[in-house]
Amino acid sequence: MNPSDLFSRLYSGEDSEKVYPKEVIEQAPEGVEDVLQTNLFNVMLNRRSQRKFESKEVEDWKMDMIYAAADTAPTAGGFQGFEIFHVKNPEIKLKLVEAANRQPYVNAPEVLVFCMNPERVKMSFPEEIIKKFSVQDATLAAAYAQLASHALGLSTIWIGMIDEKKVMEAIGTNLVPTSILCIGYPQKMLQPKPKRNLVDLIHVVQ
Ligand SMILES: Cc1cc2nc3c(=O)[nH]c(=O)nc-3n(C[C@H](O)[C@H](O)[C@H](O)COP(=O)(O)O)c2cc1C
């Protein structure tokens with residue numbers, strides 16, 4: 001399938017293949033028009049990590065857009081060497097708090113665990129390279145999901161401080177996690193953090 005936009009991919013018509021075989025939604029959910037007009041550069045510029053979420057859940061259609069955005073990320077060889085676990089169980093969320101050095105905000109309205117799946121990467125390179133590919137695949141997918149979340153008026157916190165084994169036990173997988181992305185409506189919108197000057201960041205090699 002070669003979708004022209006995320007929306008058509010999620011809510012495809014009768015004739016097109018259905019990537020998400022859920023119910024067919026005839027009309028765009030409220031707010032989708034705004035999403036489609038979102039300027040990527042503004043989303044990037046205004047994204048800010050958030051650790052205080054409102055308790056309300058995120059709408060299913062927004063989560064679907066986030067999944068779809070993650071699914072568009074580039075991956076090594078196009079093999080998509082990653083998996084996403086969407087943790088809904090409140091007890092498992094608490095276990096993830098423990099697994100993340102007791103960072104309380106991991107108990108967020110929506111919790112996505114990104115894991116490596118090197119088995120999917122069918123390339124004849126050394127194991128180390130394949131593992132590295134799947135780390136990058138999972139990381140890029142999480143970054144795409146993070147930007148998509150912000151485009152949808154949500155906020156996120158990226159959690160990298162995790163005990164891999166504890167996370168694996170908590171979600172019941174033998175796949176190694178790379179990060180947890182916590183998503184929700186922010187209690188208040190924060191200003192983006194200042195970043196480095198581009199002249200310090202870019203090293204021109206000629
Ligand atoms: C690889 C990585 C690991 C991170 N791990 C954590 C973490 O464990 N806990 C946390 O509160 N924030 C974590 N963060 C979020 C950063 O602290 C945050 O992105 C940084 O302070 C910059 O702020 P900004 O995202 O608002 O620009 C992580 C971010 C990245 C990219």
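Trainee: How many of the residues of strand S4 are buried?
Mentor: Keep in mind that this is a predicted model. Strand S4 spans residues 177-184 and is mostly covered. Counting its buried residues gives eight of eight.

Trainee: Which residue of S4 stands opposite Glu110, and which is the bridge partner of Thr156?
Mentor: Take the S2 side first: strand S2 (residues 110-116) runs antiparallel to S4, with six bridges joining them, and Glu110 faces Ile183 there. Then look at strand S3 (residues 155-159), which pairs with S4 in the antiparallel sense over five bridges. Thr156 has its bridge partner in S4 too, and that partner is Ile183.

Trainee: Which residues touch the most other members of the largest nonpolar core?
Mentor: That core holds 40 residues. Phe114, for one, touches Phe82, Ile84, Ala138 and Leu181, among others. The residues touching the most other members are Leu96, Val111, Val113, Phe114, Ala145, Ile180 and Cys182.

Trainee: Why do the buried residues of H7 line one face of the helix?
Mentor: Start with the names: Val167, Ala170 and Ile171 are buried in H7, while Lys165 and Glu169 are exposed on the other side. An α-helix has 3.6 residues a turn, so residues three or four places apart point the same way. Seen down the axis of H7, the buried ones line one face because they fall within an arc of 80°.

Trainee: Which elements do those buried H7 residues pack against?
Mentor: The buried residues of H7 pack against S1, H5, S2 and S4.

Definitions and conventions
Residues numbered from 1 in each chain as written. Predicted model: local features only at pLDDT ≥ 70, side-chain atom pairs only at ≥ 80, totals over all residues. Buried ≥ 20, exposed ≤ 12 C-beta atoms within 10 Å, placed from the backbone. Helix = DSSP H or I, 4+ residues; strand = E, 2+ residues; numbered from the N terminus. Pairing = 2+ DSSP bridges. Core = buried A, V, L, I, M, F, W, Y, C linked by C-beta atoms within 7 Å. Contact = placed C-beta atoms within 7 Å. Arc of directions from axis to C-beta.
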